[in-house]
Structures are given as C-alpha cells and as structure tokens.
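Q: I'd like to learn how to read an interface and a helix pair in a model like this. Can we go through them one at a time?

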Amino acid sequence: MSRYAEILKNEDPRIAEVFDVEAETEREGYLVIEDPFPSLAKLMAKAPVQKGMLGELLGYGDQGGFHFHVPGQLTYTAFSFEAVSRALIENQTFSSEVYDDFDNNAQLSNTILHTVGSRHRSMRNAIQPFFTPDVAESWWNDKIIAETVETLISKIEVKTSADLFLELCARMPVHVVSAGFGIDPDEIVTFRIALLGGGHREGEDRVDGLKTSHDILDRVIDARRRKPENDIISKFVQAEITLDDGSTRPFTNEEIINHCRLIVLAGGGTTWRQLGITLFALLNNPDQLEAAKADRSLLPKVILESARWHATDLIFPRRVEKDVNLAGVDIPQGAMLHMCLGSANRDPARWENPDKFDISRPIQRALAFGGGPHSCLGQHVSRQEMVVALNAVFDRLPNVRWDTSKPPARLTGGLFTRGPSALPVVFG
Amino acid sequence: MKVRVAPDLCCGAQRCAEVAPQFYKIVDGFNAFVSEHEVHDVPPDMEEAAVRGAKECPERAIRIIEDEA
C-alpha cells in the first residue's frame, strides 16, 4: 500500500469543514439558492440572450452575492444552448482573459484558464498529453484512482450506513489530483485549504493561503527538477512549450505553480460535487440505479446525463472583445458575458423533457465540461474517477438506498459550485 | 481507412487540428472538423495523423473506420 493510501485511511476532522457546499458558498460571500432551474427556464423562454447579470436577471439586484458579478459593469447573459456553445467556441471574440479581472492575487495568471489564442494553445498543447482519454483510463486509473477508491470503499463497506458525500465524494478527487501531481500525502488537505483561502478572500487568510500553496509546490518542483518521478509535476518539469516561431522553452516555476493551483482547485473542487449529484440523482431514481447497476457499460452515459441535468457550475464569464451579435442581441466591445450552462443544458430546443434526469436519452453533447479551446482539461480523469467510484458503490454496498432516518438530501449552493447537502445512505 | 465525425458531438476544442494539422482543418473559423461530410477517406500517408487526432478528441467525436480485410 502506498503512503497515499495510508494517509487516506486516517480520519481528518478538517474534511467535514472544508467539504460542505453550503458553508463553502457562504464562506466565499455568495448567496445560497435552493433550486435556480425553474427561474432559469422562465428567463430562457423570454430570450436566448439578455442584457443584465445573471444574478440580477434572477431578481437578486445588482449588488453581488454571485461569482463573476461586478456591480455597474455592462453585462449580458446567454441562456440558450446555441448561444452559450458559440461563445465557448469563439474564444477570440468571447475572451477568457476576463479571468484576470477576478484574480486579484494573480494566483492563476498565465495559465490555460486565463489566456487566449496562440499563448493559450502553446501551453495547452504542452499539458494536454497528461490528460487525454487514454492516459486517464490507464496512467491515472492504475497509478492512483483505483487505489484511492478501494481504500475509501473498504472503510465504508464494513458499516451499515454512511454519508457517501463526505466519506467517498469529498475525499476522492482532491486526493487523486494531488497524488497525481506528486504533492506530499501529509500536505494534501492543507494544500486544498490554502488554495481556497488564496483566491477570493480578503486579508491575512488570503496572503497566508497564497504563501502556503506556493511553498508546498515550490518544494516539490525543486525536488523533481533534481530527480524526476512518475508524477504530473515531473512531467511539467520535463515538458516543453512550442512557441509560434517553432522554438521551445520549458515552463517556469511560477507557471508550474499556477497550473498546479488551477488543476488541483478545478479537479478537487468539481468532481466531488458532480459525483455527489450523480449519486443523488440515482438514489432518487431507483429504477435507473438498478439499470446502471445491471449494465455497467451505461456508466459513462449516466455521468454525462448527470452533468447535463445538473452541472456543478452553472455560470462562467467571458469578456466581449469586439462588437458582436449573439442570438439576435447586439453586444458592444468591452461588455462581460455570463454564459449560463445551467439553462443551456436544459434547453428545450435541444432536449425533450429537459428537467428530467434520464439515462436512456440519446447522447448529445451538453456543455457541462464547456466546449471550444477551453473545454475541460481534466474531464477524462474526472469521468474515470466517477466510473470507478460508482462501480465500487454498486459492487460493495449491496442494496444501497437513502437513509430515511436522516434529513433528506438537497442540492444546494450558489450559481457556481453546487452540490448535495449530504448523501446519507444505508446498505446491506 | 475512413474517419467518421459526429457533427453533434464536436465541441470545437480543436485538439485534432492542433496535433494533426496536416489532416484535420478548422472550418468556419471555429468548427474543428470538416462540417460538410461526416465520413472522410484517409489517404495512406495520413493514417497516423488521423488516428492521432481522433485520440485527442475530448468528446470522442471522431471514429476511425478500418478498411475491411
């Protein structure tokens, strides 16, 4: 057993504190909304693109309380599948550089999240080989995903009840992605807490968080520059960025640090909630749960349908770089665009009965993992984690069902970072 | 060898055109594949490039169809 698995066997009281969707939303200063989907559907029925920030259009005023909400800034919101898909694909017009405006501490600057065009392409090309579908199903699976899920499920199966959200969903992805990168097993939770403190919060917390995450990564990078290992930071150290003129250069320490922050934050911060949403939807639909259990080849489809039905992050921003007409609405250069994935993924023009979670739907591309040049880098690692975790739940927790002695689980959070309140189950 | 692209699955990530530009082209400024025809013949000297591009696709929208023996 690796040291990563040994650490994972220990209880860590910080886990319950960090991995709490509602508390996280409030801690970051955002409003909690129980179910935004009925209101989003009404707005989308009015027009595919509208002037106004999403929070404002939902009736919460223009004073914030949501991610990417800048009071006073001219903002439009795209609701339909077609409008959001186009904005994602045409990244030179609908620019990702908007993220620089929200990253006060530059903790993610010069990363594939913030850049466009050839700067983005040259870095993405260098990083993509670590995250292709094949590498997700072989290297990531064999090195860390299988062992992580085995360790977690063997702790759960000896009991008769559990909160799968906390005991499985919360612990798996942050562990997988941190271990994949080569972060010291003892520092995984500390690193995650430091990252969350580093981005949005004010004051000492933020500075401490930035310094802690920087120092943890700096140590690993220096060690791997001296002696590469079989991990992602070693691959970064050895990778070369090919520039437009054909010349190559290595990643700087700062670029590696910022990409590690980005990927550990994104990978450790979405998959746990999406797996939670998938289990929530299956537990609420026992017939579909039984169908998936009986035919495991359905699992990739189950995950895509869960992500369509309720993605963890319902809104992403872009900056409009030139005057443009989007779905009949003229948007001037300089405006911000809110892309509402939540409504786009339930666009009745594309999906029949879109509010229903239905794993028997024909597969059609949805926007939960984005699209265009910035389509989710880690989506195949994430999907592989979820497939392995669902298989473990089906195989090792017989007759898994809601624990009706506990308060019923809810989906909650803001417009960004949504997930279940808990997943109390019994089995056996 | 032929390739088949499912137009509805193509998400415009443009990975195919990044890793195998000799075979995959960007059409209409954004759509990461030839949009007019779903099935394309692959010239023998392009087979390696076609497979490389297909493996990169985040939506697995590109399928390789091997010639029948």
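Q: How many residues of chain B are in contact with chain A?
A: In this predicted model, 16 residues of chain B touch 21 residues of chain A, with contact meaning heavy atoms within 4.5 Å. Local features need pLDDT of at least 70 and side-chain atom pairs pLDDT 80 or more, while totals for chains, interfaces and linings use all residues. Side-chain values use heavy atoms, without hydrogens or water.

Q: What area is buried between chain B and chain A?
A: An interface's size is often quoted as the accessible area lost when the parts come together. Here about 1,600 Å² is buried, and carbon and sulfur atoms give 44% of that (accessible area lost with a 1.4 Å probe, summed over both parts). Asp8(B), Arg15(B) and Arg60(B) supply 30% of what chain B buries against chain A, more than any other three residues.

Q: How many salt bridges does the rule find across the interface?
A: The rule wants a side-chain nitrogen of Lys or Arg within 4 Å of a carboxyl oxygen of Asp or Glu. It finds three between chain B and chain A. Asp134(A) and Lys55(B) also meet in a salt bridge, at 3.3 Å from N to O.

Q: At what angle do the axes of α11(A) and α15(A) cross?
A: Two packed helices are described by the angle and the distance between their axes. The axes of α11(A) (residues 171–181) and α15(A) (residues 253–284) cross at roughly 150° and come within 7 Å. The two helices are therefore roughly antiparallel (angles over 145 degrees, on a scale from 0 to 180 between N-to-C directions).

Technical notes:
Residues are numbered from 1 along each chain as its sequence is written. Chains are lettered from A and ligands numbered from 1 in the order in which they are written. Helices (H or I, at least four residues) and strands (E, at least two) are DSSP runs, numbered from the N terminus. Angles under 35 degrees count as roughly parallel, over 145 as roughly antiparallel, 65 to 115 as roughly perpendicular and the rest as oblique. Buried area is the accessible area (1.4 Å probe) that two parts lose on being put together, summed over both.
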